[in-house]
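This report describes selected features of one protein structure. Please consult the sequence and the coordinates alongside the text.

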Amino acid sequence: VSCKFPPLRLDFSASDSAATPFEGQRRLKLVTHCKKSARYEQNVLEEYAAYRIFNVLSDVSFRVRLLRVQYVDSDKPDREAVRRYAFLIESKKALAERHDGSVLKTRRVTKNYLDEMQAGLAFVFQYLIGNTDWSLVRAIGSELCCHNGVLVDVSGRHFYVPYDFDRSGIVNAGYAKPDPSLRIRKVTVRRYRGYCMAGNSVSNALRAVNGRRTEIDGVITALEDTTDVDLQHASAYLGSFFEAASDEARLLHEFDRRCL
């Protein structure tokens, strides 16, 4: 997608950030609206909600901070400032340090080292939000680990932490298209893409997600300035997952049929 307003990265100096919420930070990614229309600002809020949902499920997840940003064109200072929602994403290094771990710089995922509960939660979460734009099997370009995810080593266990959800079904961005190889028509169609896991890690994760439904629904209802249409879409989209998950055996069979 060709965004007229690309994502930004904020650089902080120690002197400028002292005694502010950003003290100790060096570089943070700022997720911005793709284009000027209100629809794209709603997409930002929906993607922010996806991060917050994974925060509900696991502490080994990227923290995010919602902002209301005023943009001023330095080349045209007389032009009216643009105000839009955006959010900051915790750095990979900060995420790892919070858990006394380190970011793994590898392009291969060793399945036996994966923390099974974290992996199961991540797989079910990706299905919950309808995200197929990720892979543990391969990285793209200069990515480490995998596509749209990072591996954090904590005491020898590898925690898979997903990110980048703008092409998920819960966001349903106008530019989002599924990978043709998946043979699904649109991003709102869910497709399980997790590993085939031995034991009960996925079933335990599914029960854990079901058990946090109230908190997950609360993430959506707490969104600021979400239109009624978008709020209803997000709530209904999550609701369709929980309806399917009420038949645990059938959904787990679907996962087993699609797992990699």
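## Basis of the model

The structure is a predicted model, in which local features need pLDDT of at least 70 and side-chain atom pairs count only at pLDDT 80 or more, while totals for chains, interfaces and linings use all residues. Residues are numbered from 1 along each chain as its sequence is written, and side-chain values use heavy atoms, with hydrogens and water left out.

Helices (H or I, at least four residues) and strands (E, at least two) are DSSP runs, numbered from the N terminus.

## Disulfides

A search of the whole structure gives 3 disulfides, a disulfide being a pair of cysteine sulfur atoms within 2.5 Å. Counted along the chain, the bonded cysteines follow the pattern 1-2, 3-4, 5-6. Accessibility is given in three classes: buried (under 20% relative accessible area), exposed (over 50%) and partly exposed (in between), with a 1.4 Å probe and protein chains only.

Cys3 is bonded to Cys34, with the sulfur atoms 2.1 Å apart. The torsion about this S-S bond of Cys3 and Cys34 is about -100°, so the disulfide is left-handed. Because Cys3 lies in the segment before β1 (8–11) and Cys34 in the loop between β2 (27–31) and α2, the pair ties together parts that are 31 residues apart in sequence. Cys3 is partly exposed at 28% relative accessibility, whereas Cys34 is buried at 6%.

Cys145 and Cys146 are joined with an S to S distance of 2.0 Å. This link of Cys145 and Cys146 is right-handed, with 60° about the S-S bond. Cys145 is buried at 1% relative accessibility, and Cys146 is buried at 0%. In the disulfide of Cys196 and Cys259 the sulfur atoms are 2.0 Å apart. The pair connects distant parts of the chain, 63 residues apart: Cys196 is in the loop between β7 (157–162) and α5, and Cys259 is in the segment after α8. The link of Cys196 and Cys259 is right-handed, with 90° about the S-S bond. Cys196 is partly exposed at 28% relative accessibility, and Cys259 is buried at 18%.

## Helix α7

Helix α7 covers residues 228–245, 18 residues in total, and reaches 26 Å from its first C-alpha to its last. That reach is close to the 26 Å expected at 1.5 Å a residue, where the expected span is 1.5 Å times one less than the number of residues.

The buried residues of α7 are Asp230, Ala234, Tyr237, Leu238, Gly239, Phe241, Phe242 and Ala245. An α-helix has 3.6 residues a turn, so residues three or four places apart point the same way. The cover over the buried residues of α7 includes α2 (38–57), α4 (116–128), α5 (201–211), α6 (213–221) and α8 (248–258).

## A sheet of three strands

An open sheet of 3 strands has the order β5-β6-β7 with antiparallel pairing; two strands pair if DSSP finds at least two bridges between them. The edge strands, β5 (102–103) and β7, each pair on one side only. Strand β5 is joined by 2 bridges to β6 (residues 149–154), and the two run antiparallel. Val103 has Val152 of β6 as its bridge partner.

## The largest pocket

The largest pocket has a volume of about 720 Å³. Its lining comprises 25 residues, of which Arg9, Arg27, Ser91, Lys92 and Lys93 lie nearest its centre. The elements giving two or more residues to this lining are β2, α3 (92–98) and β6. Helix α3 gives the most, with 5 residues.

On a 1 Å grid over the protein atoms alone, a pocket is an open set of points where a 1.4 Å probe fits, with protein on both sides within 12 Å along at least five of seven lines; lining residues have an atom within 4 Å of a point. Grid points are joined across faces, edges and corners, and a volume is the space filled by probe spheres set on the points.

Ser17 lies in helix α1 (residues 14–17) and is buried at 3% relative accessibility. Setting aside neighbours within four places in sequence, Ser17 is in contact (heavy atoms within 4.5 Å) with Phe12, Phe22, Glu23, Gly24 and Gln25.

Leu66 belongs to strand β3 (residues 64–71). With neighbours within four places in sequence again left aside, Leu66 contacts Leu45, Tyr48, Tyr85, Ala86, Phe87 and Glu224. Leu66 and Ile89 are 23 residues apart in sequence and 9.2 Å apart in space, C-alpha to C-alpha.
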